[in-house]
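Reader: Hi, I'm new to this one. Can you walk me through it?
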Amino acid sequence: MKQIAVIGMSSFGYYLALRLSELGNEVLVIDREESMVDKIKSKVAKAIIADATDKRVLEKMSLHRLDAVVLSLGDKLESSVLAAMHLKELGIKRIVAKATSEDHAKILEVIGVNQIVFPERDTGIRVASSLAGTNIADCLYLGSDLSIVEMIPLKEMVGRTLEELDFRRKYHCQILAIKDKVPEDKTFIPEANTKIKESHLLIILGDVEDIERIFNLKQST
């Protein structure tokens with residue numbers, strides 16, 4: 001069980017806090033609006049009405065003892081940046097922040113936020129990929145340049161080993177792990193002689209443009 005604080009009950013913050021709590025984590029919710037705190041307080045370990053842009057308020061909460069703090073302050077860029085600065089100065093172990101634009105993300109990166117997410121963009125890409133029938137199964141953006149993607153193998157990959165494919169040279173991406181759905185849901189780190197099967201899901205790390213290039217490849221008939 002991890003101890004995690006979620007600051008800001010935007011839609012993203014609310015459902016994130018709810019899901020973290022459902023998974024058995026001890027979740028602390030912080031929001032300046034009483035109505036938002038009332039909405040979720042029965043579903044998490046603790047919910048507090050407070051202004052996260054006030055450093056003195058954050059200091060009193062001993063957030064440095066938690067495993068992570070998530071900033072989800074909606075479209076309030078100034079509040080998000082100010083709160084991120086305070087959290088960094090307070091020595092928070094891991095700061096995850098929602099960004100609403102590339103400029104917002106760059107500022108958060110400069111401050112030293114550990115992970116930046118774009119919920120609307122990421123969800124849109126997942127849904128679009130699903131509707132369009134692409135090979136993408138799930139996606140996590142790491143800043144503005146790198147992504148970790150879970151993908152269904154292209155037909156040209158099936159039946160060949162990673163060494164035969166020369167995956168890194170050909171696709172300019174790295175396979176971190178492979179999840180085998182048959183006969184059981186098992187994840188493993190592949191060797192060069194690992195042969196890709198239709199039942200595999202490839203978990204790959206790469207530049208956003210290189211990953212998009214893979215998904216644009218037409219499958220062999």
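Predicted model: local features only at pLDDT ≥ 70, side-chain atom pairs only at ≥ 80, totals over all residues.

Reader: Which residue is the bridge partner of Ile30 in S3?

Author: That is Ile48.

Reader: What sheet do these strands sit in?

Author: An open one of six strands. The order is S3-S2-S1-S4-S5-S6, with parallel pairing.

Reader: Which strands stand at the edges?

Author: Strand S3 (46-49) and strand S6 (115-117). Each has a single partner strand, so one side of each has no neighbour in the sheet.

Reader: And what does the twist average from one strand to the next?

Author: The average is 15 degrees.

Reader: Which strands does H1 lie across?

Author: Strand S1 (3-7), S2, strand S4 (68-71), strand S5 (95-98) and S6. H1 runs at about 165 degrees to S1.

Reader: Is Glu22 buried or exposed?

Author: Exposed, at a relative accessible area of 52%. Arg19 is partly exposed, at 47%.

Reader: How many salt bridges does the count come to?

Author: Nine. Another one of them joins Asp38 and Lys41, whose closest N and O atoms are 3.3 Å apart. Asp38 is partly exposed, with a relative accessible area of 35%. Lys41 is partly exposed too, with 48%.

Reader: Which salt bridge do the side chains of Lys197 and Asp180 make, N to O?

Author: One at 2.9 Å. Lys197 lies in the loop between strand S10 (186-188) and strand S11 (200-207), while Asp180 is in strand S9 (residues 173-180), so the pair ties together parts that are 17 residues apart in sequence.

Reader: Is Asp180 buried or exposed?

Author: Buried, with a relative accessible area of 9%. Lys197 counts as partly exposed, at 37% relative accessibility.

Reader: How many of the residues of S9 are buried?

Author: Six of the eight, so S9 is largely enclosed by the rest of the structure.

Reader: What are the pairings of S9?

Author: S9 runs antiparallel to S11, with seven bridges joining them. S9 also pairs with S10 in the antiparallel sense, over three bridges. Take Lys179 as an example. Lys179 stands opposite Leu201 in S11, and has Thr187 as its bridge partner in S10.

Reader: New topic: H4. What should its residues span?

Author: Helix H4 (residues 77-89) has 13 residues, which should span 18 Å at 1.5 Å a residue. Its end C-alpha atoms are 18 Å apart, which agrees.

Reader: Which residues of H4 are buried?

Author: Ser79, Ser80, Val81, Ala83, Ala84, His86 and Leu87.

Reader: What covers them?

Author: The cover for the buried residues of H4 includes S1, helix H3 (55-60), S4, S5 and helix H5 (102-111).

Reader: And what follows H4?

Author: Gly91 does, with a positive phi near 75 degrees.

Reader: Where does Thr161 lie?

Author: In the loop between strand S8 (146-151) and helix H7 (162-165). Thr161 counts as buried, at 11% relative accessibility.

Reader: What is Thr161 in contact with, leaving aside neighbours within four places in sequence?

Author: Ala192, Asn193, Thr194 and Lys195.

Reader: Last topic. How many aromatic pairs does a search of the whole structure find?

Author: Two. In one, the rings of Tyr14 and Tyr15 have centres 5.1 Å apart and planes at 90 degrees, so the pair is edge-to-face. Tyr14 is buried, with a relative accessible area of 10%, whereas Tyr15 counts as exposed at 55%.

Reader: What about the rings of Phe167 and Tyr171?

Author: Their centres are 4.7 Å apart and their planes are at 45 degrees, so that pair is tilted. Phe167 and Tyr171 are four residues apart in helix H8 (residues 167-171), so about one helical turn separates them.

Reader: Are those two buried or exposed?

Author: Phe167 and Tyr171 are both buried.

Conventions
Residues numbered from 1 in each chain as written. Heavy atoms only, no water. Salt bridge = Lys/Arg side-chain N within 4 Å of Asp/Glu carboxyl O. Buried < 20%, exposed > 50% of the residue type's maximum accessible area, 1.4 Å probe, protein only. Helix = DSSP H or I, 4+ residues; strand = E, 2+ residues; numbered from the N terminus. Pairing = 2+ DSSP bridges. Axes fitted to C-alpha atoms, helices over the stretch in contact; angles between N-to-C directions. Contact = heavy atoms within 4.5 Å. Expected span 1.5 Å × (residues − 1). Phe/Tyr/Trp six-rings, centres within 6.5 Å; stacked < 30°, edge-to-face > 60°.
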